[in-house]
Amino acid sequence: MTYFLYDGTSAANSGHWVVNGTNVAAGVIYPVSAAQLAQTSFVTGAAGTADDLYVQDYDGKAYSGWNAHVQVAVPNTNAAPTISLPSGTAVSATAGQSLAASGLFSGSDLDGDTLTYYVYDSNAAGNSGHFEINGTIVAALTITQVTAAQLAQTSFVAGASGTTDYLYVEASDGKVYSPWTEFHVFV
């Protein structure tokens, strides 16, 4: 028996046949002996791709035809970003102290997507603290978007002595959001 393999999908990020460790180009009819079949595999492509594969066999007298069609699809998966709190959930500060946002929280994404953050300060008291983005005060009780580029210019300014701010942050990779993560700044 001789088998003929064909990959009908030639996108650069699609999968490919491998025979005895050699990659087989898409769009090429590739013969494989019965002995080589054990060393033949298909390596899937990137997430969200699908390959149309065809197999035909030949017994030395007649071809089977391209009647064996398989589509190998790789689901488009996306991991949700996560938030971590390097200083923990309770941060102690002095009155008026400016705390860099990067020291309060950080985000990560398994897919390597660029993150956008959303911050929220639940304490609207006049003597409580507030977020600042590039020197601009963010009003309490407002969900505010912070881009990855703005994160370095974002800080939280602690309130008066005896105050506690309950702060929240979440991250988005443009597809899904992390859960809201709560932390406190107390003076």
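Let's start with Phe-105: is it buried or exposed, and what is its relative accessible area?

Author: Phe-105 is buried, with a relative accessible area of 1%; buried means under 20%, exposed over 50%, and partly exposed in between, using a 1.4 Å probe and protein chains only. Before going on, a word on the source: this is a predicted model, where local features need pLDDT of at least 70, side-chain atom pairs count only at pLDDT 80 or more, and totals for chains, interfaces and linings use all residues. Residues are numbered from 1 along each chain as its sequence is written, and side-chain values use heavy atoms, with hydrogens and water left out.

Now for the rings. The structure holds 10 aromatic pairs; rings of Phe, Tyr and Trp (its six-membered ring) pair if their centres lie within 6.5 Å, and planes under 30 degrees apart count as stacked, over 60 as edge-to-face and the rest as tilted. Phe-105 lies in the loop between helix H1 (101-104) and S11, while Tyr-117 is in strand S12, so the pair ties together parts that are 12 residues apart in sequence. Helices (H or I, at least four residues) and strands (E, at least two) are DSSP runs, numbered from the N terminus. Tyr-117 is buried too, at 6% relative accessibility.

Another pair is Phe-131 with Phe-156, where the centres are 5.2 Å apart and the planes at 75 degrees, so that one is edge-to-face. It links distant parts of the chain, with Phe-131 in strand S13 and Phe-156 in strand S16 (residues 154-157), 25 residues apart. Phe-131 is buried at 2% relative accessible area, and Phe-156 is buried at 0%.

Those two strands belong to an open sheet of four, in the order S10-S16-S13-S14, with antiparallel pairing; two strands pair if DSSP finds at least two bridges between them. Strands S10 (98-100) and S14 (136-138) stand at the edges with a single partner strand each, so one side of each has no neighbour in the sheet. Neighbouring strands here are turned by 35 degrees against each other on average, direction ignored; the axes are lines fitted to C-alpha atoms, for helices over the stretch in contact, and angles run from 0 to 180 degrees between N-to-C directions. S13 (residues 130-133) and S14 pair over three bridges, and Glu-132 stands opposite Ile-137 in S14.

Back to S11, which holds Ser-108. Ser-108 is partly exposed, with a relative accessible area of 40%. Leaving aside residues up to four places away in sequence, Ser-108 touches Pro-81, Thr-82 and Leu-115, where contact means heavy atoms within 4.5 Å. Ser-84 is 24 residues from Ser-108 in sequence, and their C-alpha atoms are 8.1 Å apart.

A search of the whole structure finds one salt bridge, meaning a side-chain nitrogen of Lys or Arg within 4 Å of a carboxyl oxygen of Asp or Glu. The partners are Lys-175 and Asp-113, at 3.5 Å, N to O. Asp-113 lies in that loop between strand S11 (106-108) and strand S12 (116-121), and Lys-175 in the loop between strand S17 (164-172) and strand S18 (181-186), 62 residues apart. Lys-175 counts as exposed at 54% relative accessibility, whereas Asp-113 is partly exposed at 22%.
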